[in-house]
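Subject: Structure handover

Dear colleague,

Here is the structure I said I would pass on. My notes on it follow below the files.

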Amino acid sequence: MSASSQDNALQTSGIMRAMIYALLIFFVIYYLLPLWIMIANSLKPLEEIHSGDMLAPPRSITFEPWRSAWSTTQVGVEATGLRPYFINSILMVVPAVVLSTFLGALNGYVLTKWQFRGANLVFGLMLLACFIPFQIVLIPMARILGMLGLAGTIPGLVMVHTIYGLGFTTLFFRNYYAAFPTELVRAAQIDGASFFQVFWRILVPSSGPIIVVTIIWQFTNVWNDFLFGASFSSYDSTPITVALNNLVNSSTGVKEYNVHFAGAILAALPTLIVYIVSGRYFVRGLMAGAVKG
Amino acid sequence: MKFQYALKASASVAVLCIAAPMAMAEEVEVLHWWTSGGEAAALNVLKDNLEAQGVTWQDMPVAGGSGVEAMTVLRSRVTSGNAPTAVQMLGFDIKDWATEGFLGDLSEVADEEGWAEVVPPALQEFSKYDGKWIAAPVNVHSTNWMWINKSALDAAGGEAPETWDDLIAVLDKMQENGIVPLAHGGQAWQDGTVFDSVVLGLGDDFYKAAIIDQDPEALASDQMVEAFERMEKLATYFDPNFSGRDWNLASAMVINGEAGMQAMGDWAKGEFLRADLVPGEDFVCIRFPDTQGSVLFNSDQFAMFDVSEDKVGAQKLMASAVMDPDFQVAFNTVKGSVPARTDVADTEFDDCGKKGMADLAEAAQNGTLHGSMAHGHGASSNIKSAIFDVVTAHVNGEFSAQEAAEELAAAVEAAQ
Amino acid sequence: MRDRLQEWVPRIVLAPSFAAIVIFVYGFILYTGWLSLTDSRMLPNNEFIGLANYEKLFGLRHWNVALKNLFIFGTLYIVISSALGLFLAILLDQQIRNEGFIRTVYLYPMAISFIVTGVAWKWFLDPGIGLQNTMHQWGWQSFEFTWIKDRNLAIYTIVIAAIWQSSGYVMAMFLAGLRGVDNEVIKAAQVDGASGFLIYRRIIIPMMRPVFLSAFVVLTHLAIKSYDLIVAMTGGGPGRATEMPATFMYSYTFTRNQMGVGASSAIIMLIMIFSIIVPYLYSEIRAGRDKK
Amino acid sequence: MASLTIDKLTKSFGAVDVLKGIDLEIEDGGFLVLVGPSGCGKSTLLNCIAGLEKTTSGEIRIGDRNVEGLHPSKRDIAMVFQSYALYPNMTVRGNISFGMEIRGIAKADQDRAIQEVADMLQIGNLLDRKPSQLSGGQRQRVAMGRALVRHPQVFLFDEPLSNLDAKLRVDMRTEIKRLHSRMGTTIVYVTHDQIEALTLATKIAVLEAGYLQQFGTPDEIYNDPANMFVADFMGSPSMNLIEGRLTASADGLEVVIDSHDDRSISLPVPDSAAMRQHLDHSIVFGIRPEAMTDPDGADRTSSRVVTRDCYIEVSQPAGSDTFALTKLGGKECIARFRADARIELGSFSPVSFNMTKAVFFDPSTKERIR
């Protein structure tokens, strides 16, 4: 954010500023609390968890739970840790995010720069699709995946996530491209650029902020999905959220909370990193059009 | 679809067809929710057994209390025409899937190995459909058990309660002694497990009429009102923090003496054993008061789906392996249940296990072996859920006993 | 000839996405609508029974509990998330040192699924091991926080966790909105002698109207779709005290073998969602057209 | 280089007709300015010529080629946009070479062409900058460079100067005029600024509400407007349009106009059959401010100058001239006096009307009475 755009700050006295900081810090604690509980307890030996204070930092730090969660803990009958499922998730998320972002960009481009009769209706229908509860699609989707021969495969999951991500990615790009000067597209047309040349050479290079927003959004949603992952995967395509659930919700036995917490953080790590690394572009991207219709 | 699987199968053939007794090396995909350490270890026995025969085990665990998630996954898998080879399943679910015509036929193996002679008829009820074997039973759990901390019991008079009045006396005493008398987890199936036992405590006939036959008169009868009153009474012995607690945490309360007793199925024993407690010395297992001589059971079975030709061989191998006496012993000693086969020696089992096996045989003889409603062997899952709704609401104080009985009759009718 | 083809390229490009949405969203909605009129139980069947499932649905206590919970949850969640989001955005807009860090902290919960944080929340709220226990250990013996175990209060713990997750996102939306406010308007107000608070109350916040609307839509659809949250934290309990339409639909469709009733609840949910979203979309798209 | 012909062109967006039958023709090497208030359809017309909008009916010919249905890039045109439309992600060089790159022109030829336009527009030192690093005037030059490098048959300019400040606008106007005379390419230029239109054009087309109001040389448009709209729109300050009554007197036809304080003035009107049809009815008398002067400043070459006393209310010195405001026919009228003319405010002063420049309109149809 450029400094000049912050001019709407209040003129504040020292006491006011102290209060503002106090409030901000209070909320920092509120937001960090669950993460702190997870991190602190993932580093404690099991006995310390059983005896101790949930909020206290570990007295003796151990990385054993992390190692165990990653590579040795029992998930189902296999003592593989979460690693193979982590890899499944990556294999699923990357193509799904790339595809849905790419298609969303193309759709946004068509819907803003190549308006045709009924374009708004098409957009409205696509957007409305973001809001359906996904539980209703499970059964018919399963049947279609079966018909396509994609049931229980990673490509099948990629397809599902791509389709149900399209509404939002199209929305993001459509709003962004709506503010993109149409004259540039016309200039390029006169220069002889084709439909795709205009897209690749003119629009895409200027789409940085919205690509970041879309990727953050899609990556988070696809990575965190449980419903589709549980319903449409099979033994060799199970994503990490499902594996984590298997680890945490196992029905009997000693609950290794420290391993569970370590596993939970591992499962959350990629999305956390994406947010932390690109979070500052997020607000900028929102400013660039995702907020307004 | 089938083509893909054929590809995968042939790939694994290439890798695995070494020293296999059968001509074909194949694979089984197994959907189950046995994901905790002990259970998984028990399943590994089966897995190793199969792999020694050249059958690859493709593990498809879906954790979550009593297989709720797993059943959703199964539905989606079956709908997509990609059913797993074998699925861990409970009672009425097996029947439902058989009715829909998705299950395979194991009769060949079953006849060859004489399952009919060794599996109790009450279990066969769920393992067979239309005269065909469709599932291989792994175990029999009994749900009307009471687990008592021995020192807490000693402090409360030392006498294990046999009747309802005894029970109340002991619970009162424990309360005076400053511990939580009854450890319980407020989850629908746990509430239902206790409810099962309470209803059974009011008579075998009543259980049959109300739960198995869902006779509307029995459901709204005075006896049912009494059952709910008893539930209400028991709820007064819970600690205030019971809601949502996992059952094994409730067991842990009994183990460490924080609580006096727990009404829970025989799988709780595993928790006690793992904590190095000795049956009879550190803890006592008794039948739920007033239910001596009767057994509420549930049986984990591997339902075998109708799969493509190339996988039937492995499926049969697996069915056979499940019924293998050694596996049944190995699995059930870990799991706390008793073998589904009645011809297995009880030498490997501890006191509670032996008692369980004896009770089972006796109950089967006397016609007092009933399917447990809470565990999917007393009523189909829509009825079960309807009963759970009322029982849970009542335990949480939403209804009086009278209202609950009326509500129960209405809910069961609505769900039919 | 090729120029004619060029004219069709945009439509051809859009077609696969649109076809996918039509089939996989609207086709499936129609299919669900059909299921809701059939006697489907464990698996779909085609035995037509009219509106019986709807009658059954509205006769179920559960469904009414679920609707009531949605109302309580939805109202509190939307109002508090918006208010808190706006409040935090205003605080953060005061040239705060370490703004980037604080913003990231506020925003990160949106990145994590409740499958992950549900465990931590359950712990935190559990009187035996969580906040209450910690306070007792710290010496505050009379401290009591047992909402999650109380069937009248449990729904509010869901609200707390839900706000935790999405208020940061709302904050980011408002922050983007605040940064987009024209400085000259504020300068004009300052020249008019308006104080800081007055400027916010009378000028800036009213200018955030579009953001409020966007936030409202995002939050509403999150509220109606809340599922992971309930499953991870209370499983619908104590009793059925935190049942919501999404969990209701899931359990009737998939675990209770009453797919017809589940489908009818899905259709009611869709009607609720669409009656909120469609007018919004209509006005947005209309507005967009007028601008052109 | 080619001529441009537009024949019965219509364009509608849905139910809205934006262009309602436009006929235009500009000769090879001509400079056609499309002028009109915003929303008159001038930009749409330009986009139709460029091929950026599809026409509804009618024909557009560049040279003798009908360009209907042709992709913009195949119409042999180049366009300069209001916002310049420079590709933000490319350098100036990239912006200029983009079209050539797409057409697959050899790198060496590209470089030569770039160098040529860079020299012509003096932007050689800017070639490696991004558009965001340029000033408004520089962007304008780059946008023109991008168009020039194509050597098209027709240049299209869409309000190219409207984003520049006043001084720069005048400079660029001159520059465009110079470029045109040097290259001799046909130009179609859209503007809402009538001064630009008058200074640049060889032909002006005045549009309003989708209709072509008048098409002619700047002189025709200025001095011989076809209707009240053109008369009012072109020129600054605009033409005085004064309502009066046509009467006949001994000397011929006269228009009688209310003046100040119940007084009125009468001015001679050329006699014609068309004019006589309006006898004893109101007509609109149109006269440009520069044809209403102080008597000493009156055009001595004019054959018909009449002087009447008018009540001067306000004077506005504007450096080179002084504008005197008087009320005629109930309306403010502007007369253009010499800067050093003596004006007494609030009194009647003599004003000379150069009646050779006067025009008359029918107030009901707004059309010229000839």
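In chain D, D:Val80 stands opposite D:Phe157 in β7(D). D:Val80 belongs to strand β6 (residues 77-80) of chain D, where D:Val80 and D:Ala78 point one way and D:Ile77 and D:Met79 the other way. All of these are buried, meaning that 20 or more other C-beta atoms lie within 10 Å of the residue's own, with 12 or fewer counting as exposed, anything in between as partly exposed, and C-beta atoms placed from the backbone. In a regular strand the side chains alternate between the two faces of the sheet. β6(D) and strand β7 (residues 154-158) of chain D run parallel and are joined by 4 bridges; pairing requires that DSSP finds at least two bridges between the strands. Helices (H or I, at least four residues) and strands (E, at least two) are DSSP runs, numbered from the N terminus.

This is a predicted model, in which local features need pLDDT of at least 70 and side-chain atom pairs count only at pLDDT 80 or more, while totals for chains, interfaces and linings use all residues. Residues are numbered from 1 along each chain as its sequence is written, and chains are lettered from A and ligands numbered from 1 in the order in which they are written.

More on chain D. Helix α2 (residues 92-103) of chain D has as its buried residues D:Val92, D:Asn95, D:Ile96, D:Ser97, D:Phe98, D:Gly99 and D:Met100. These buried residues pack against α3 (107-121) and α4 (136-148) of chain D. After α2(D) comes D:Gly104, with a positive phi near 75 degrees. An unreviewed UniProt entry places the feature "domain: ABC transporter" at residues 4-234 of chain D; such annotations may be inferred rather than shown by experiment, feature names are shortened, and positions are given in the numbering used here.

Chain A has 13 helices and 0 strands. The C-alpha trace of chain A spans about 75 × 70 × 30 Å along its principal axes. Of its 293 residues, 60% count as buried. Two residues are in contact if their C-beta atoms, placed from the backbone, lie within 7 Å. Among contacts in chain A between residues at least 6 apart in sequence, those joining residues at least 24 apart make up 76%.

The mean for chain A is 83, and 91% of its residues reach 70 or more. Among the elements of chain A, helix α4 (residues 83-113) has the highest mean pLDDT (93) and α2(A) the lowest (77). Over residues 1-7 of chain A the pLDDT is below 50, and this stretch has 7 contacts in the model beyond near neighbours in sequence. Where pLDDT is low, the predicted coordinates should not be read in detail.

Chain A is divided into domain 1 (3-62) and domain 2 (83-292); domain bounds come from an automatic or database domain assignment. Their C-alpha centres lie 31 Å apart. The contact between them takes 8 residues from domain 1 of chain A and 7 residues from domain 2 of chain A. On the domain 1 side, α1 (14-42) and α2 (46-51) of chain A are the elements that give two or more residues, and α1(A) supplies the largest share, 4 residues. That side has 5 nonpolar, 2 polar and 1 charged residues. Here Ala, Val, Leu, Ile, Met, Phe, Trp, Tyr, Cys and Pro count as nonpolar, Asp, Glu, Lys and Arg as charged, and the others, Gly among them, as polar.

Chain B is assigned domain 1 (20-141 + 298-354) and domain 2 (145-296 + 362-415). The centres of these two domains of chain B, taken over C-alpha atoms, are 28 Å apart. In chain B, 21 residues of domain 1 are in contact with 20 residues of domain 2. The largest share of the domain 1 side, 4 residues, comes from α4(B).

Chain B and chain D are joined by no contact, and their closest C-alpha atoms lie 45 Å apart.

Regards

Conventions. pLDDT = per-residue confidence, 0-100.
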